[in-house]
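The following paragraphs lead through one protein model, from its annotated spans to individual side-chain pairs. Keep the coordinates open while reading.

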Amino acid sequence: MLLLGCIKEVSDYELTISLPNGLSGFVPVTQISDAYGKLLTKQVAQGELLEELNSLPDMFSPGTLVRCIVTSIEKSDDGRRSVKLSIDPKKVNKGLNSTALAAGMLLSGSVMSVEDHGYLIDIGVTGTHAFLPHQKAKTYIKALKKGPDLKIGQNLNCLIVEVKNEGRVVCLSIDRSEVAASIATERQNWTLSNLLPGLVVKARVQKVAPLGMKLTFLSYFTGIVDFMHMDPEKSMSYSPDQVVRACVLSVHPTSRAVRLTLLPPFLHAGGAPRQLPGQRMGAVLEEATVKAFYKQFGAVFELDDGTLAFARLNHLSKTRKSFKIGAFKEGCKHKCRIIDYSLMDEMCIVSLKHQIIEARFLQYQDIHTGDVVQGKVLSLKPVGMQVKVADGIRGLVPSLHLSDVILKQPEKKYNIGDEVKCRVLECNPEGKKLILTLKKSLVQSKLPVISNYEDAKPGLITHGFVVCAREFGCIVKFYNDVKGLVPKNELGSEPISCPDKVFYEGQVLKVMVLKCEPQQERLLLSFRLSSKPGPEDKWKCTPKEKQEVKYQIGEIVDVKICQKKDNGLEVSILEDEDNVVAWIPTLHLSDFVATSKLLWQGLQEGDVLPRVMYLSNKGEHIILSRKSAVISAVQEEQVVRSFSEIQPGMLLTGYVRNVMPFGVFVEFPFGVTGLAPKVSMSDKFVTDTKDHFVVGQTVIPKVMSIDEEKQRVLLNLKVSECSSGDSAAESFALLNQYFKELKEIRDLLKRGKPSICELVPGKRLHLVVQDVREDGSALFSGSSATGWTVTATRHHLGDKKIAPGEKRKALVLHVDALTAEVYVSLREELLKQRPKRVSMHSVFGSVCFCLS
């Protein structure tokens with residue numbers, strides 16, 4: 001089937017063509033012309049770019065009319081049909097032969113070669129050589145603004161000026177004024193076998209019907225004009241025998257049906273249809289007026305600016321059953337959304353469906369870099385995952401971005417049809433290119449998005465992903481292919497000698513912008529997000545700033561608390577004549593992070609702490625530690641005093657000094673420091689390092705490797721790698737220490753809150769309802785819980801309706817000594833159970849007591 005179409009979009013690999021009646025088709029890059037196809041084959045064979053081969057965007061522009069022939073209709077996986085077209089003159093003009101050629105004929109041609117005096121044109125007629133002089137192409141080239149010459153493969157609307165040697169040689173013109181003035185006549189001997197779309201003819205109205213008209217033209221041809229192609233200004237005034245100017249739209253090869261248009265832009269050959277303003281696409285219109293309804297097709301509307309629009313029958317209601325014909329009488333108004341524009345019909349395509357009106361995305365232009373979108377998995381391929389974001393919008397999730405970690409078998413995690421939440425890494429509407437990521441660290445990030453170099457202001461902190469780790473540092477990429485360098489000295493607070501062992505491709509990290517040069521597209525970054533001093537460095541010993549070093553690392557002393565501060569305790573060392581003042585950071589009060597905070601809460605000024613170990617003296621203050629595991633390691637000589645003593649495979653007791661996005665720095669007694677990279681932190685996959693470790697936490701890592709030249713140590717914190725031979729004995733020792741500290745905490749807290757001995761999980765209380773909150777939870781009071789905040793969540797109120805002032809029985813579920821909060825339940829099934837003995841640690845909540 002031959003059709004007249006209008007180029008809608010141009011990409012490197014295909015042309016999108018607007019066809020009559022709101023349809024669209026696609027011309028692959030291989031269906032341009034013979035000459036262009038040969039250049040493509042030559043370039044592929046040679047493996048290098050050919051100077052004479054131009055890209056499709058260099059030769060074609062949206063809005064240009066072209067003659068097409070349907071080559072196939074393909075059905076996609078989701079049931080949609082795709083019309084494949086060709087504009088190759090050999091296929092479009094296959095009905096013509098050299099004897100049928102006549103002066104004044106208008107047909108399609110394609111540039112074969114550039115000669116000294118003009119161009120050789122392929123018009124698809126065997127045995128005919130067509131020549132286009134430079135003079136006949138000058139005004140066309142100037143108006144086209146795509147270079148000084150026509151290009152091989154360029155499609156042209158050619159007018160035959162002269163025919164020589166019985167059609168073996170023809171002279172052509174593409175001059176715009178000559179082409180526009182051309183009109184098909186009987187003398188040109190057109191037949192049904194070679195009639196071409198795009199021909200402008202004089203026609204006579206034979207019959208006028210509600211859905212269109214029947215015309216006769218070129219003496220014995222008959223054609224149809226449907227309602228969408230009647231001139232809207234004259235649609236009510238056409239009458240039989242009226243002579244009109246018309247343009248051939250399509251010719252069906254088997255039925256010989258010819259369709260024409262009476263729309264003004266097509267009534268001069270080579271005309272250009274009107275475009276829809278870009279801002280109108282996707283617009284939601286509150287009131288569109290029905291102009292006409294056609295029960296087999298749909299409805300025509302008039303929009304607020306006078307533009308006509310058409311809604312297909314299936315877009316007038318959610319389902320056929322919910323459709324009401326009475327709602328589409330002339331003059332009725334409806335809310336609709338512009339979903340497309342048919343260039344060949346000069347009409348907007350609209351939808352009245354609620355889900356389309358409310359849809360977030362209708363076209364690629366609606367999507368912006370950094371948007372979080374919901375999609376459906378369409379396919380899984382080696383290059384990545386194809387995701388459907390909306391009707392007509394598909395994106396690719398590269399294999400690197402299927403997860404925070406590289407997936408070797410993504411089909412085990414994702415299935416076709418799964419709903420996935422993605423983030424847009426790159427969107428190119430012109431090329432219909434949409435790149436997405438499924439990395440949770442990026443999808444859930446609340447930090448600013450860097451989508452161009454101008455966005456990267458010094459000091460900005462954001463998320464990026466590693467694409468390269470080498471000796472010089474790391475290359476980190478952001479959105480829209482923006483990338484920057486993290487030099488070696490900015491990889492962490494401690495020097496890293498082998499970045500490729502610490503970082504991996506695809507790893508998501510927080511980075512800070514140090515410097516940006518947008519014009520040069522250069523970006524300098526750092527993984528060191530802050531240079532703020534740690535808690536230890538904030539405290540300065542005021543009584544004696546420069547103290548004489550009296551103690552050795554590992555020495556045990558007794559201390560008295562002088563002052564409690566937010567991040568630790570200021571203490572004086574007992575039995576010291578000089579009243580030496582020292583500092584115990586809160587996180588050095590215990591091996592267990594949670595009990596450290598409870599101990600700080602329970603201790604008071606004047607309390608004496610026995611057996612505290614001297615840890616370090618940096619010249620300004622003395623640091624002490626009460627960590628039992630660290631003290632035991634030093635006393636049993638299971639430590640290294642210098643770098644030279646470290647050997648791979650050693651298990652060393654230390655504490656977390658710094659937690660970075662790429663790993664954890666661990667410090668040991670005597671000042672030796674090592675790094676546990678993110679990949680070696682846990683047997684489970686690590687998304688965020690802060691979810692696994694905190695500063696001050698006691699750990700027992702294993703030495704992986706050492707760099708003697710740089711004096712750097714790489715560590716392993718995986719539990720499976722760090723257990724010693726007698727792991728059961730170690731675990732019981734840790735449990736014993738943990739419960740011993742809990743008993744100590746309980747005794748300390750009793751001084752301020754005696755009722756803590758009574759409030760234990762499982763205890764039954766008589767309470768009075770104080771308040772019922774908006775979220776359904778309730779607040780209670782009672783004599784046995786004075787000084788505590790007693791709460792029951794909505795779930796633990798059960799089916800009971802309560803009101804302030806009522807007395808209720810409740811069961812203690814959990815006691816948080818730090819916040820002085822008690823959580824209770826009123827559920828009957830819990831209250832009826834027999835009381836069970838409760839372990840001491842339940843008083844203080846769930847606390848992790850395992851060391852790495």
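Helix H11 is followed by Glu637, whose phi is positive, near 60 degrees. The model is a predicted one. H11 itself covers residues 628–635, and Ala629, Val630, Ile631, Ala633 and Val634 are buried in this helix. What covers these buried residues? Strands supply part of the cover, including S31 (556–565), S34 (608–617), S35 (622–625), S36 (654–660) and S39 (698–699).

The UniProt record, an unreviewed entry, places the annotation "domain: S1 motif" on residues 1–88, 104–175, 198–263, 282–353, 370–439, 459–528 and 649–718. Two of these spans can be described further. In residues 104–175, the end C-alpha atoms lie 13 Å apart, and the span is 10% helix and 47% strand. For residues 370–439, the end C-alpha atoms lie 13 Å apart, with 0% helix and 54% strand in the span.

Next comes a barrel. Five strands close into it in the order S42-S43-S44-S46-S45, and their pairing is mixed. On average, neighbouring strands of this sheet are turned by 50 degrees against each other, direction ignored. In general, strands of a sheet pair through backbone hydrogen bonds, either parallel or antiparallel. Strand S44 (residues 789–792) and strand S46 (residues 821–825) run parallel and are joined by three bridges. Thr791 has Tyr823 in S46 as its bridge partner.

The remaining features involve aromatic rings. If rings pair when their centres lie within 6.5 Å, the count comes to twelve aromatic pairs. One of them joins Phe293 and Phe323: the ring centres are 5.8 Å apart and the planes are at 25 degrees, so the pair is stacked. Phe293 belongs to strand S16 (residues 284–294), whereas Phe323 lies in the loop between strand S18 (308–312) and strand S19 (333–342), so the pair ties together parts that are 30 residues apart in sequence. Phe323 counts as partly exposed because its relative accessibility is 23%. Phe662 and Phe665 form an edge-to-face pair, with 6.3 Å centre to centre and 90 degrees between the planes. Both of these residues, Phe662 and Phe665, are buried.

Ring pairs also link Phe227, Tyr294, Phe297 and Phe310 into a cluster. A ring can face a charge as well: the charged end of Lys564 sits over the ring of Trp600, 4.2 Å from its centre.

Definitions and conventions. Residues numbered from 1 in each chain as written. Predicted model: local features only at pLDDT ≥ 70, side-chain atom pairs only at ≥ 80, totals over all residues. Heavy atoms only, no water. UniProt positions renumbered as here; feature names shortened; annotations may be inferred. Helix = DSSP H or I, 4+ residues; strand = E, 2+ residues; numbered from the N terminus. Buried < 20%, exposed > 50% of the residue type's maximum accessible area, 1.4 Å probe, protein only. Contact = heavy atoms within 4.5 Å. Pairing = 2+ DSSP bridges. Axes fitted to C-alpha atoms, helices over the stretch in contact; angles between N-to-C directions. Phe/Tyr/Trp six-rings, centres within 6.5 Å; stacked < 30°, edge-to-face > 60°. Lys NZ or Arg CZ within 6 Å of the ring centre and 35° of its normal.
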